[in-house]
Amino acid sequence: MKSKDSKKNAFDKKALLGQVLKKNEKIKKNVKKAAGDLTSVNKVLKQENVTVQIMEQALVQNKDVEQKVAQAADDLRMVNVKLANEVAERMGIESELAGMKIDLAEVREDLSKAEGNVEIAQQLALQDVLTGLPNRASFEQGLAHGLIQAKRHDWGLAVLFIDIDKFKNINDSYGHDMGDHVLRTLANRLKSFVRGADMVSRWGGDEFVCLLLEVKQESDVTRIAEQLVTRIAEPCEFNGTVLSITSSIGIAMYPEDGKTVDILFKNADMAMYEAKGSKNRVVLFRTIPC
């Protein structure tokens with residue numbers, strides 16, 4: 001809805017234009033009448049035997065006509081000035097509107113970029129920079145959601161805590177570039193191994209975690225973990241150097257080994273340390289000796 005000021009402004013411009021057109025018509029009539037009077041004067045002056053009195057009257061009339069024509073010219077000039085001002089004002093308004101359109105387009109573009117930056121920032125906030133995997137915060141959210149679904153549908157789920165054995169030696173012996181390559185290689189292997197609904201995350205350093213959803217049997221989880229150990233141990237080559245990586249995996253299952261995020265993480269971590277201290281590369285929490 002237009003404001004009162006904009007309506008009044010539009011009305012004033014319309015009234016002004018009406019006045020200009022009316023004035024223009026009046027000028028046309030005056031000029032036409034002056035032209036007629038001038039024609040009459042010329043006819044009188046062309047007559048033979050014109051008396052002095054008639055001549056004086058014709059000259060007076062001619063002067064009057066000249067004044068009317070001069071006045072009509074002034075009036076016409078004023079009309080043109082008003083019209084020019086109106087056109088200039090209109091062009092100024094159109095220019096401002098065009099500028100506003102450009103500004104609005106720039107604002108939309110800036111907003112679009114800002115939204116894109118926010119989305120990227122949100123993604124980065126939940127993503128591990130080195131491996132591209134979901135980070136710790138993202139995994140905790142995923143596990144919390146998984147527990148809600150497991151409780152609602154009476155599903156089982158498993159948390160696998162994965163640690164690379166003697167990773168510090170790799171960095172010390174071959175440098176951090178080799179270490180980063182090993183971590184990225186391990187991330188890709190884990191990501192390609194699990195199902196689409198499951199989740200793999202870099203927990204920190206050389207530790208990874210894996211969430212398996214809709215688990216039915218304990219044996220299925222331990223079998224998958226043992227296959228992961230084998231997959232991780234495949235040769236890893238970087239700049240001509242080939243390494244064989246070993247890993248240890250601890251498992252905690254819902255609901256047998258814990259019913260909350262914190263307890264499942266804690267128990268999976270304990271099972272992983274038990275695996276590092278034994279010959280078995282995979283340890284289920286509930287099998288740890290008391």
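Analyst: A definition to begin with: the expected span of a helix is 1.5 Å times one less than its number of residues. Also, this is a predicted model.

User: OK. How far does helix 7 reach from its first C-alpha to its last?

Analyst: It reaches 23 Å. Helix 7 has 16 residues, and 22 Å is expected at 1.5 Å a residue, so the two values are close.

User: And how far apart are the end C-alpha atoms of helix 3?

Analyst: They are 25 Å apart. Helix 3 covers residues 136-153, 18 residues in total, which should span 26 Å, so that agrees.

User: Which residues of helix 3 are buried?

Analyst: Ser138, Phe139, Leu143, Gly146, Leu147, Gln149 and Ala150. They pack against strand 1, strand 2, strand 3, strand 6 and helix 7.

User: What covers the buried residues of helix 7?

Analyst: The cover includes helix 3, strand 1, strand 2, strand 3, strand 6 and strand 7. The buried residues themselves are Val261, Leu264, Phe265, Asn267, Ala268, Ala271, Met272 and Ala275.

User: Switching topic. At what angle do helix 4 and helix 5 cross?

Analyst: Roughly 140°, with the axes coming within 6 Å. Angles over 145 count as roughly antiparallel and 65 to 115 as roughly perpendicular, with the rest oblique. That makes helix 4 oblique to helix 5.

User: Which residues meet there?

Analyst: From helix 4, Phe167, Ile170, Asn171 and Tyr174. From helix 5, His176, Met178, Gly179, Val182 and Leu183. The contact divides into six nonpolar, three polar and no charged residues.

User: Now the largest nonpolar core. Which members touch the most others?

Analyst: Leu160, Val182, Phe208, Ile249 and Ile251, out of 32 residues. Helix 5 gives the largest share of this core, six residues. Among the other elements that each supply at least two are strand 1, helix 4 and helix 6. Apart from this core lies another, of 18 residues, including Leu143, Ala150, Leu157 and Val261.

User: What is Phe208 in contact with, beyond four places in sequence?

Analyst: Its contacts include Leu133, Leu160, Phe161, Leu183, Leu186, Ser201, Arg202 and Trp203.

User: Last one, Phe193. Buried or partly exposed?

Analyst: Phe193 counts as partly exposed, because its relative accessibility is 28%. Phe193 sits in helix 5.

User: What does Phe193 touch, not counting residues up to four places away?

Analyst: Ile224, Gln227, Leu228 and Arg231. Phe193 and Leu228 are 35 residues apart along the chain, with 7.6 Å between their C-alpha atoms.

Definitions and conventions:
Residues numbered from 1 in each chain as written. Predicted model: local features only at pLDDT ≥ 70, side-chain atom pairs only at ≥ 80, totals over all residues. Heavy atoms only, no water. Axes fitted to C-alpha atoms, helices over the stretch in contact; angles between N-to-C directions. Helix = DSSP H or I, 4+ residues; strand = E, 2+ residues; numbered from the N terminus. Parallel < 35°, antiparallel > 145°, perpendicular 65-115°, else oblique. Contact = heavy atoms within 4.5 Å. Nonpolar A, V, L, I, M, F, W, Y, C, P; charged D, E, K, R; others polar. Core = buried A, V, L, I, M, F, W, Y, C linked by side-chain atoms within 4.5 Å. Buried < 20%, exposed > 50% of the residue type's maximum accessible area, 1.4 Å probe, protein only.
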